[in-house]
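Look at the sequence and the model shown below, and keep both in view while reading the report that follows.

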Amino acid sequence: MALVLHIIIALASIIYTSYVFISPSKKKLQISYALAASTLTTGSFLLISKPSHLVQSCIMGLTYLGFVIFALVSAHHKLA
């Protein structure tokens with residue numbers, strides 16, 4: 001169940017962050033930050049509970065974080 005929740009939050013975060021990149025606002029950025037933090041939290045929980053998939057999880061997590069951070073920083077600059 002935790003994996004399904006993690007996937008749903010991550011997909012929602014990517015979709016919403018893409019929307020924020022196109023049309024940024026302060027409130028949207030805050031929501032996107034919360035979604036990214038939730039994804040990181042659930043991912044950390046999964047990593048701790050199932051450490052056997054450490055390398056694969058870390059690579060996917062870093063790719064996700066790279067995309068989201070790039071989009072959020074770009075949206076923040078567009079807003080400023």
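The largest nonpolar core consists of seven residues, namely Val-20, Leu-29, Ala-36, Tyr-64, Val-68, Leu-72 and Ala-75. A nonpolar core here is a set of buried Ala, Val, Leu, Ile, Met, Phe, Trp, Tyr and Cys residues joined through side-chain atoms within 4.5 Å, where buried means under 20% relative accessible area, exposed over 50%, and partly exposed in between, with a 1.4 Å probe and protein chains only. Helix 2 (26-49) and helix 3 (54-79) are the elements that each give two or more residues to this core, and helix 3 gives the most, with four residues. Helices (H or I, at least four residues) are DSSP runs numbered from the N terminus.

The model is predicted, so local features need pLDDT of at least 70 and side-chain atom pairs count only at pLDDT 80 or more, while totals for chains, interfaces and linings use all residues. Residues are numbered from 1 along each chain as its sequence is written, and side-chain values use heavy atoms, with hydrogens and water left out.

Leaving aside neighbours within four places in sequence, Val-68 is in contact (heavy atoms within 4.5 Å) with Ser-13, Thr-17 and Ala-36.

Ser-74 is found in helix 3, and this residue counts as buried because its relative accessibility is 18%.

| Item | Value |
|---|---|
| Ser-74, relative accessibility | 18% |
| Ser-74 side-chain polar atom to Phe-70 backbone oxygen | 2.9 Å |

Conventions: Polar contact = N/O pair within 3.5 Å; in protein donor to acceptor, adjacent residues only side chain to side chain.
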